[in-house]
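Subject: Structure handover

Hello,

Here is the structure you are taking over. Please open it next to this email and follow along.

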Amino acid sequence: MENLVIELSRYLIIILLAIYTLYCFTVFRSSDKKRQNSKFNKQIGLMYAIHFICYLVLFLETKNMQIIILYLFEIAFFAIVLAVYKVVYKNLSRLILNNMLMLLMFSFVMLTRLSYSLAVKQFAIASISIAICVVVPFIIDKTKWIENLGFVYAVIGIGLLLVVLVFGRTQYGATNWLYIGGVGFQPSEFVKILFVFFIASLLSKTSDFKQVVIVSVLAGAHVILLVLEKDLGGALIFFITYLMMIYVASNNAGYLALGLFGGSAAAFIAYKLFSHVRVRVMAWKDPWSHIDREGYQITQSLFAIGTGGWFGLGLGKGLPSSIPVVESDFVFSAISEELGGIVAFCIILICLSCFIMFINIAMKMKRTFYKLTALGLGIVYGFQVFLTIGGVTKFIPSTGVTLPLISYGGSSVLSTVIIFCIIQGLYVRNK
């Protein structure tokens, strides 16, 4: 009986998630608010159903009563968040809120599968993050002075990166962790938000050549510090975000071309200077020749994705623990192995719908500062998703960045929730 339930669960999860994903891209076909709200409510119902099925399977696999307790806490968490956000913010974007909770739900499920203790920590971090960030949309909606602090954002961001460079701890080749009282976090996850605010603030005043030079020098300081910390994934996210914001603000294709040329040259120099960059490129080019060393992680990832196929092996039936750092950088591989390629593809589409909503909100904002802020945060989110999924599928070299809201990591979860809530604030302000 248990095997039958586990086998059927694979197909039920696929069907339910496919319907949810379809609603992401069809909900705005009708301008009727009642129809839209009906689809949004159905999305929440689908999320609860997938959540229940996943935890039922995990319980049948382990017979661990703690999983039931965690499940009940998560149900309460989703219900409270939905109730509080809808009451506090009448005009919020239901799609962004639903997607944020759906992605967090997959994080809880996969981490419970991989490590119960990590799942509990992730749940606690997500709960605290949501509680803190409930005020963010209100701040964005009601305050106007935040658009006048461009140099302050830049100084704070550069200062934090300098502190990490001097006092930071090195993990997986990059010096990007700071420990205070035994608690570790990645300041760069929060600096990227300040980075977007600083560029949006300065370019909203003027986008003439002098201002572009000032912004470029300050942005370059951020990127250089990240390179010195060997956080090349973070440096790449900062650089692409800066480049796109400059291009949109100035509407000058010359800046874009110059930036791409300079970025390519910098990537070549980084390849020559840093051995761990050469190792990652080597593992990307031909992981099979180094399967027992440099290519081990990516080959295990590809084995997992290939083994899962379209429909997955079922929760608890794969070997995701064979992939190093699977809970953070390579969680997408674990999802592909046990839940299948269709579920993984639906998750990509959900992330894509978030990115499209971010850009759509940016296009509708009237004030340049808010328009550039929404654009910058959208680029940060979308490009990070691309880097993570591209790395685990061998589309691009691995950069060591996390999959937003799904990967394990307190700094990543908190910073992404802040980004989603800032976008909610901009949406509320525009409405």
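Is Asn 251 buried or exposed? Asn 251 is exposed, with a relative accessible area of 65%. The cut-offs are these: buried means under 20% relative accessible area, exposed over 50%, and partly exposed in between, using a 1.4 Å probe and protein chains only.

Two notes before you go on. This is a predicted model, where local features need pLDDT of at least 70, side-chain atom pairs count only at pLDDT 80 or more, and totals for chains, interfaces and linings use all residues. Residues are numbered from 1 along each chain as its sequence is written, and side-chain values use heavy atoms, with hydrogens and water left out.

**Overall build**

The protein chain has 17 helices and 3 strands. Its radius of gyration is 21 Å, close to the 22 Å that the globule rule gives for 431 residues, so the chain is as compact as a globular protein of that length. That radius is taken over C-alpha atoms, and the rule is 2.2 Å times the number of residues to the power 0.38. Helices (H or I, at least four residues) and strands (E, at least two) are DSSP runs, numbered from the N terminus. The C-alpha trace spans about 70 × 55 × 45 Å along its principal axes.

Buried residues make up 53% of the 431 residues. Take the contacts (heavy atoms within 4.5 Å) between residues at least 6 apart in sequence: 72% of them join residues at least 24 apart.

**The core**

The largest nonpolar core holds 136 residues. Such a core is a set of buried Ala, Val, Leu, Ile, Met, Phe, Trp, Tyr and Cys residues joined through side-chain atoms within 4.5 Å. Tyr 85 and Phe 198 touch the most other members. Leaving out residues up to four places away in sequence, Phe 198 touches Gly 150, Tyr 153, Ala 154, Val 215, Leu 218, Ala 219 and His 222.

**Pockets**

Both pockets and cavities come from a 1 Å grid over the protein atoms alone. A cavity is a set of points where a 1.4 Å probe fits but cannot get out; a pocket is an open set with protein on both sides within 12 Å along at least five of seven lines; lining residues have an atom within 4 Å of a point. Grid points are joined across faces, edges and corners, and a volume is the space filled by probe spheres set on the points.

The largest pocket has about 1300 Å³ of space. Its lining has 45 residues, with Leu 236, Phe 239, Gly 263, Ala 266 and Ala 267 nearest the centre. Helix 11 (253-273) is one of the helices that supply at least two lining residues. Helix 11 gives the largest share, 13 residues. The lining has 34 nonpolar, 10 polar and 1 charged residues. Here Ala, Val, Leu, Ile, Met, Phe, Trp, Tyr, Cys and Pro count as nonpolar, Asp, Glu, Lys and Arg as charged, and the others, Gly among them, as polar.

The second largest pocket has about 810 Å³ of space. It is lined by 41 residues, and Asn 176, Trp 177, Gln 186, Glu 189 and Thr 402 lie nearest its centre. This lining divides into 16 nonpolar, 18 polar and 7 charged residues.

**Cavities**

The whole structure has 2 cavities of 30 Å³ or more.

Lys 192, Val 380, Tyr 381, Gln 384, Pro 404, Thr 416 and Ile 419 line it. Helix 16 supplies the largest share, 3 residues.

Pro 404 sits in the loop between helix 16 and helix 17. Pro 404 is buried, with a relative accessible area of 1%. Its touching partners, not counting residues up to four places away in sequence, are Tyr 381, Gln 384, Val 385, Ser 412 and Thr 416. Pro 404 and Val 385 are 19 residues apart in sequence, yet 6.8 Å apart in space, C-alpha to C-alpha.

**Two loop residues**

Most residues other than glycine have a negative phi. Asn 251 has a positive phi of about 55°. Asn 251 lies in the loop between helix 10 and helix 11. Lys 63 also has a positive phi of about 55° and is not a glycine. Lys 63 is in the loop between helix 2 (33-62) and helix 3 (65-88). Lys 63 is partly exposed, with a relative accessible area of 47%.

Best wishes
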